[in-house]
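Thank you all for coming.

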Amino acid sequence: MGNHYYTNQPDVAHNRKQWEFPLRGKNFKFITDSNVFSKATVDFGSRVLIDAFDDTELPDGPILDVGCGYGPMGLSLAHATGRFIEMVDVNERAVELTKENAVLNGIGHIKAYPSYIYESVETTNFAAVVSNPPIRAGKEVVHEIISGSYDKLVTGGTLTIVIQKKQGAPSAQKKMEEIFGNAEIVTKEKGYFIIVSEK
């Protein structure tokens, strides 16, 4: 049964809903559906990352959102930073919703497409990679998101992830430290850690 939000084609019936949520000074409209992550509201972890993300010191270049779901992180960062955002998710239903939500919110400087982590990502000059990793997909997937980001970033680019302490933040931080040589917890809120590494 492909009925997890981290499978490529969820085989459950559609149950589309539209609602609104304010992010980074814009009231976003989101269409969601069954079998996408956090379909009833923007999940708390994504909100913490969106609020914590700062691109002012970053080099020029686009941003990559890995595991974009229906688009709240990538679309709000596209709006807030003005940068081009690539958004990928293994869940094809989520990717279609992201495209729909980009149009719904008048955000044109994005590209959303299906990809298992970095498999279909050809760009290698990202200023930042952001991810709210699919914890339920397992530690290996989370660590693959971390280790694979290094080669996609320009020098001075950053990887920013949100992860709950009880769901593996310490091991994620250790992996980021191992890959990048640095990993700073920039925000802690209600058990969610925002961890940033710089290339």
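This is a predicted model: local features need pLDDT of at least 70, side-chain atom pairs count only at pLDDT 80 or more; totals for chains, interfaces and linings use all residues.

By about how much of a helical turn are Lys175 and Glu178 separated in helix H5? They are three residues apart in helix H5 (residues 169-180), so the separation is about one helical turn, helices here being DSSP runs of H or I with at least four residues, and strands runs of E with at least two, numbered from the N terminus. Residues are numbered from 1 along each chain as its sequence is written, and side-chain values use heavy atoms, with hydrogens and water left out.

Lys175 forms a salt bridge with Glu178, with the closest N and O atoms 3.4 Å apart; the term requires a side-chain nitrogen of Lys or Arg within 4 Å of a carboxyl oxygen of Asp or Glu. By that rule there are four salt bridges.

Another joins Arg16 and Glu100, at 2.5 Å from N to O. Arg16 lies in the segment before strand S1 (17-23) and Glu100 in helix H3 (residues 92-104), so this pair ties together parts that are 84 residues apart in sequence.

Arg83 and Asp55 also meet in a salt bridge, at 2.8 Å from N to O, and both residues are buried, meaning under 20% relative accessible area with a 1.4 Å probe and protein chains only, as against over 50% for exposed and in between for partly exposed. Glu178, by contrast, is exposed, at 55%.
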